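Here is a short briefing to read alongside the sequence and the model. Please keep the 3D view open as you go through the points.

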Amino acid sequence: MDQEISNCDRLWTNARLVTLDPATGAGYAMLEHYALGVSDGLIAVIAPMEGLDLSGFDKEVTDCRGALITPGFIDCHTHLVYGGNRAGDFVKRLQGMSYEQISRTGGGIRSTMQATRASSEEELFLKARPRLLSLIAEGCTMVEIKSGYGLNVYDELKMLRVVQRLREEHPVRISATLLAAHAVPPEYLGKSDAYVDLICTELIPRVSIQKLADAVDVFCEKIAFTAMQAERLFLAARDYGLGLKIHAEQLSDTGAAALAAAYGAWSADHLEQLEEEGVRALQQAGTVATLLPGAYYFLKETRMPPVALFREYRVPMALSTDLNPGSSPFASIRLIMNLACLLWGLTPEEALAGVTRNAARALGWGDRLGTLTVGKEADFLVWDLEDPAQLPSEVGLSAPLQRVLKGVVTRA
Ligand code: NIG
Ligand code: FE
């Protein structure tokens, strides 16, 4: 038996590995008729079946019989902890009001804030749980969850504690993001700078000390915060060693993506209104462009993000649900891949890379997750599918045969 194999805790044999590892090849970077072995939660072996000596290997072996193995899906942008619902906004939009108009007249994020503030931690947890479970059932092994509907110190911390409990009670990696700068709360209307001060001097330090967040995000937009305010938040977040993310160029071009690039942010998200200069800035900084087709579809936007420019400049594109009650109430990463292909022309390979390799980078985990590569964390999915393009083309028709997290087969 080979040395590496004998060290493995478990093996998957006769698999087709959709590695997504650029070192292995382009596109899916597929390896046919391969074995994958894990050891101590990491991928330890990727080897062709041909010539593999398994004699004497007495630990568990799963014969995949040609099944596909992909990296686990990573949903890198969600707002899945919230109270209430926004069906009323949906009806208003069907009657012709825009997302911006609804937001300016007291609906939108502020109405979810009211419902979230009025909910107990237990209530928020119980509402969030099935949303997270839907993502897990589809194959997500990592989910990012933002705060942003508390909009004061007490309720933002409350939301992040719910995120922490979701992490403790579910077999999934969770990355937590402080998005206190999601909207200006009613108490600070006309005093948004003072609210930004509060976030910088009180929330960010507390969140960092209590280890309640991995990153800080800001909604940089005419109806939310300016690029200058976003910069102050970035400076404070950086001082505390937190990752940086931004909601950028969703409804208008405010220079938010260029700011994100200047600060080495993990990702700039949305980007429908981004111009070429901003694309160049992302490329130079290695910042990921996280695209959210669910929000584009649900808000009936017409300007698509500059996908051709992202390709030309080789800016990595991640895809995410943006799961939230107002602009993307969809708990399906498969639907998101599908929308990205049909609405924006992403290839199936790009869609899959968007929810694996590039999504990992958007959370600061690019060197540890997102591809099937020896040495990376062993988070992967086994699929009874013939063609990896079934992943973006079909929604709700298949669940993973196995979901492996840290080298262990898990069930939600
Ligand atoms: O990513 N753009 C800002 N935040 C969310 C919307 C949140 C909401 O409407 O409740 C988004 O689309
Ligand atoms: Fe969002």
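**Aromatic cluster, sheet and iron site**

One aromatic cluster is made up of Phe90, Tyr297, Phe298 and Phe330. Please bear in mind that this is a predicted model. From the cluster, the tour moves on to the sheet, a residue in one of its strands, and the iron ion.

**Aromatic residues**

- In total, the structure contains 10 aromatic pairs.
- Phenylalanine 298 and phenylalanine 330 form an edge-to-face pair, because their planes stand at 85°, with the ring centres 5.6 Å apart.
- This pair joins distant parts of the chain, 32 residues apart: phenylalanine 298 belongs to helix H11 (residues 293–298), while phenylalanine 330 sits in the loop between E13 and helix H13 (333–344).
- Both phenylalanine 298 and phenylalanine 330 are buried.
- Elsewhere, lysine 191 is placed over the face of tyrosine 188, 5.6 Å from the ring centre.

**The sheet**

- Eight strands form an open sheet with parallel pairing, in the order E6-E7-E8-E9-E10-E11-E12-E13.
- Strand E6 (73–75) and strand E13 (317–319) are at the edges; each has a single partner strand, so one side of each lacks a neighbour in the sheet.
- On average, neighbouring strands of this sheet are turned by 25° against each other, direction ignored.
- Three bridges link strand E11 (residues 267–270) to strand E12 (residues 288–291) in the parallel sense, and serine 267 has valine 288 in E12 as its bridge partner.
- Helix H7 (residues 192–209) lies across strand E8 (173–181) and strand E9 (215–219), and runs at about 155° to E8.

**Valine 218 in strand E9**

- Valine 218 is part of strand E9 and counts as buried because its relative accessibility is 0%.
- Its C-alpha atom is 5.8 Å from that of leucine 179, a residue 39 places away along the chain.
- Beyond the residues up to four places away in sequence, valine 218 touches Leu179, Ala181, Phe225, Ala230, Leu233, Phe234, Lys245, Ile246 and His247.

**The iron ion**

- Which protein atoms are donors of the iron ion (ligand 2)? They are His77 (NE2), His79 (NE2), His247 (NE2) and Asp322 (OD), at 2.1 to 2.4 Å from the ion.
- Along the sequence, these donor residues follow the spacing H-x1-H-x167-H-x74-D.
- Histidine 79, in the loop between E6 and helix H2 (87–94), and histidine 247, in strand E10 (residues 243–248), are 168 residues apart and link distant parts of the chain.
- Histidine 79 counts as buried at 2% relative accessibility, and histidine 247 counts as buried at 4%.

Methods. Residues are numbered from 1 along each chain as its sequence is written. Chains are lettered from A and ligands numbered from 1 in the order in which they are written. This is a predicted model: local features need pLDDT of at least 70, side-chain atom pairs count only at pLDDT 80 or more; totals for chains, interfaces and linings use all residues. Side-chain values use heavy atoms; hydrogens and water are left out. Two strands pair if DSSP finds at least two bridges between them. Helices (H or I, at least four residues) and strands (E, at least two) are DSSP runs, numbered from the N terminus. Axes are lines fitted to C-alpha atoms, for helices over the stretch in contact, and angles run from 0 to 180 degrees between N-to-C directions. Contact means heavy atoms within 4.5 Å. Buried means under 20% relative accessible area, exposed over 50%, partly exposed in between (1.4 Å probe, protein chains only). Donors are N, O and S atoms within 2.8 Å of the metal (3.2 Å for Na, K and Ca); water is not among the atoms, so sites may look incomplete. Rings of Phe, Tyr and Trp (its six-membered ring) pair if their centres lie within 6.5 Å; planes under 30 degrees apart count as stacked, over 60 as edge-to-face and the rest as tilted. A charge sits over a ring if NZ of Lys or CZ of Arg is within 6 Å of the ring centre and within 35 degrees of the ring normal.
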